[in-house]
Amino acid sequence: MLPTTGLTRGVPNPRFFKFADRLRRARRDAGLHAAGLCRAAGLSKSAVLRLEIGPGLPTLPTVEKLARALGLAPGWLAFGLGDIAAAPAGDELLCRGLAERERAVRAERGLSALGLAKVAGLTDGAIRSVESGRQPSLATLEAIATALQVSPAWLAYREGPRELPRRGRVMQPEHALAP
């Protein structure tokens, strides 16, 4: 019997699925304890441990604060997309422009907020919340980005290409079939 995890067999895992592993590995590579990373990111004392071991997902600003403290690109930390190294950041969080980006792409696609909610498998309240400036979790953001067919890293942080990255394995030369 398969455990009930909310994932469907044969469907790719969400891109945020390995967030906890990326965070733990990056923190250890930086030589930081969880409490030290919390201080550096300006988060509560146990936030990093909860994110590394718990089932919960952070909001976009939390990911961005952690990424800045680690010197990483938030799109890479959140979704494993794009360059690992962070571009120089100003004082304003990159995720603050999410509402405008989401509305613009939704309008380009000819979708109402309710239409986007249906395609994304969310409530229209979730879409209205994002459009009013509230910051969603990684799961909600990825559902919206997938429905809009844009990269979640671009939608959340304006990092990398706007197009939704293709999934699939790239065949490496040592695995290539002989002619």
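Me: What covers the buried residues of H8 in this model?
Reply: The cover includes H6, helix H7 (113-120) and H9. Keep in mind that this is a predicted model.

Me: Which residues of H8 are the buried ones, and what puts them on the same side of the helix?
Reply: The buried residues of H8 are Ile127, Val130 and Glu131. They span an arc of only 100° around the axis, and that is why they sit on the same side of H8. In general, an α-helix has 3.6 residues a turn, so residues three or four places apart point the same way.

Me: Why is Ile144 called buried?
Reply: Buried takes a relative accessible area under 20%. Ile144 comes out at 0%, so it counts as buried. The residue belongs to helix H9 (residues 138-148).

Me: Which residues does Ile144 touch, leaving aside those up to four places away in sequence?
Reply: Ile144 touches Glu102, Leu116, Ala120, Leu122, Ile127, Val130 and Leu155. As for Val119, it is 25 residues from Ile144 along the chain, and their C-alpha atoms are 8.4 Å apart.

Me: What makes Arg106 and Glu131 a salt bridge?
Reply: The cut-off is a side-chain nitrogen of Lys or Arg within 4 Å of a carboxyl oxygen of Asp or Glu. For Arg106 and Glu131 the closest N and O atoms are 2.7 Å apart, and the pair forms a salt bridge. The two partners link distant parts of the chain, with Arg106 in helix H6 and Glu131 in helix H8 (residues 124-131), 25 residues apart. Arg106 and Glu131 are both buried.

Me: How far apart are N and O in the salt bridge of Asp21 and Arg24?
Reply: The distance is 3.1 Å, N to O. Asp21 and Arg24 are three residues apart in helix H1 (residues 19-29), which means a separation of about one helical turn. Asp21 has a relative accessible area of 31%, so it is called partly exposed.

Me: How many salt bridges are there by this rule?
Reply: The count comes to 10. As a general point, side chains of opposite charge can pair when their charged atoms come close.

Me: Why is Gln149 called exposed, and what is its phi?
Reply: Exposed needs over 50%. Gln149 has 55% relative accessibility, so it counts as exposed. It is not a glycine, yet its phi is positive, about 60°. Gln149 lies in the loop between H9 and helix H10 (152-157).

Me: Why is Arg158 called exposed, and where is it found?
Reply: Arg158 has a relative accessible area of 54%, so it is exposed. The residue is found in the segment after H10. Its phi is positive, about 55°, although Arg158 is not a glycine.

Me: How many helices and strands does the protein chain have?
Reply: The protein chain has 10 helices and zero strands. Buried residues make up 39% of its 179 residues. Among contacts with a separation of 6 or more, 60% come from residues 24 or more positions apart.

Me: Where does pLDDT stay under 50?
Reply: One stretch is residues 1-5, for which the model has one contact beyond four places in sequence. Another is residues 169-179, with two such contacts. Where pLDDT is low, the predicted coordinates should not be read in detail. For the protein chain, the mean pLDDT is 85, and 83% of residues reach 70 or more.

Methods: Residues numbered from 1 in each chain as written. Predicted model: local features only at pLDDT ≥ 70, side-chain atom pairs only at ≥ 80, totals over all residues. Heavy atoms only, no water. Helix = DSSP H or I, 4+ residues; strand = E, 2+ residues; numbered from the N terminus. Buried < 20%, exposed > 50% of the residue type's maximum accessible area, 1.4 Å probe, protein only. Contact = heavy atoms within 4.5 Å. Arc of directions from axis to C-beta. pLDDT = per-residue confidence, 0-100.
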